[in-house]
Amino acid sequence: MGLVHLLRAVTVEFDLLAAEFAARHGLHPTDVRALIQLLDAARGGTRATPGRLGEQLRLNSAGTTALVDRLERLGLVRRSRDTADRRRVLLEVEEKAMDLGWSFFGSVIGEVVVAAEGFEQGELETVRRFLAAVLEATGRARTA
C-alpha cells in the first residue's frame, strides 16, 4: 500500500501544479488535460481529431466543440484539414501553448530528469514497467 499512497501523493502534486497553471493562464482544468492529450498524440505520431479528444476526455460533441473553440480562441490550438481526408479536422498545439507549458513546468521536468539520473538504467526500466502497468490498470478501472 505504500506505493499506492506514494502514487496518490505524486498525482495530487501534479494535479495541484496543473490547477495552478490553469489559474495563472485563465484556463479550465479540462483545457489543461486537453493540451496534455494533444501533446501526447503529437509525441506519439498520432493524428489528433476532435472526436478522439472528446473520447479521451469523456466529453460529448458539444462539449468538445466548446473546448476546442476556447483553446483556438486563446491561440493554444489550431484546427486544420487532414490532407489525406479533407472531411477530417485535425488538432495541433500551437507554439504559444508549448512555450507557456515549458515556462511553468520546465523546472519540474528538469528536477524529475535530475532525480532519474540518480538511478541505474535497469532501475529506471523497472520503474517504467511499473508505471505502465499502473496506467493500464487505472485505464481498465476507468472504463469498467
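**Exercise 1. The nonpolar core**

Task: In this predicted model, determine how many residues the largest nonpolar core has and which of them have the most contacts inside it.

Solution. 
Step 1. The largest nonpolar core has 21 residues.
Step 2. Those with the most contacts inside this core are Leu-27, Leu-35, Leu-38, Leu-53, Leu-71 and Leu-91.
Step 3. At least two core residues come from each of α1 (2–24), α2 (29–43), α3 (50–57), α4 (61–73), β2 (89–93) and α5 (95–117).
Step 4. With five residues, α2 gives the most to this core.
Step 5. Take Leu-38 as an example: leaving aside residues up to four places away in sequence, Leu-38 touches Ala-48, Leu-53, Val-77, Leu-91 and Val-93.
Step 6. As a general rule, nonpolar side chains in soluble globular proteins tend to be buried together.

**Exercise 2. The overall layout**

Task: State how many helices and strands the protein has, and give the order in which the elements run from the N terminus.

Solution. 
Step 1. The protein contains six helices and two strands.
Step 2. Read from the N terminus, the order of the elements is α-α-α-α-β-β-α-α.
Step 3. The C-alpha trace spans about 45 × 35 × 25 Å along its principal axes.
Step 4. Of the 144 residues in the protein, 22% are buried.
Step 5. Among contacts with a separation of 6 or more, 46% are accounted for by residues 24 or more positions apart.
Step 6. The accessible surface comes to about 10,000 Å², and 59% of this surface belongs to carbon and sulfur atoms.

**Exercise 3. Charges and salt bridges**

Task: State how many positive and negative side chains the protein has and how many salt bridges the structure holds; then examine the pairs Arg-79 with Glu-72, Glu-92 with Arg-78, and Arg-140 with Glu-136.

Solution. 
Step 1. There are 20 positive and 20 negative side chains, and the centres of these two sets lie 8 Å apart.
Step 2. The structure holds twelve salt bridges.
Step 3. In one of them, the side chains of Arg-79 and Glu-72 meet with an N to O distance of 2.4 Å. Arg-79 is partly exposed at 30% relative accessible area, and Glu-72 is partly exposed at 31%.
Step 4. Glu-92 and Arg-78 form a salt bridge whose closest N and O atoms are 3.1 Å apart. Because Glu-92 lies in strand β2 and Arg-78 in strand β1 (residues 77–81), this pair ties together parts that are 14 residues apart in sequence. Glu-92 is partly exposed, with a relative accessible area of 32%, and Arg-78 is partly exposed, also with 32%.
Step 5. The salt bridge of Arg-140 with Glu-136 has its closest N and O atoms 2.9 Å apart. Both residues lie in helix α6 (residues 121–143), where Arg-140 and Glu-136 are four residues apart, about one turn of the helix. Arg-140 is partly exposed at 48% relative accessible area, whereas Glu-136 counts as exposed at 53%.
Step 6. Finally, a network of salt bridges links Arg-47, Asp-82 and Arg-88.

Notes:
Residues are numbered from 1 along each chain as its sequence is written. This is a predicted model: local features need pLDDT of at least 70, side-chain atom pairs count only at pLDDT 80 or more; totals for chains, interfaces and linings use all residues. Side-chain values use heavy atoms; hydrogens and water are left out. A nonpolar core is a set of buried Ala, Val, Leu, Ile, Met, Phe, Trp, Tyr and Cys residues joined through side-chain atoms within 4.5 Å. Buried means under 20% relative accessible area, exposed over 50%, partly exposed in between (1.4 Å probe, protein chains only). Contact means heavy atoms within 4.5 Å. Accessible areas come from the Shrake-Rupley method with a 1.4 Å probe; for residues, only the protein chains shown count as cover. Lys and Arg count as positive and Asp and Glu as negative; His and the chain ends are not counted. The place of a charge is taken as NZ of Lys, CZ of Arg, CG of Asp or CD of Glu. A salt bridge is a side-chain nitrogen of Lys or Arg within 4 Å of a carboxyl oxygen of Asp or Glu.
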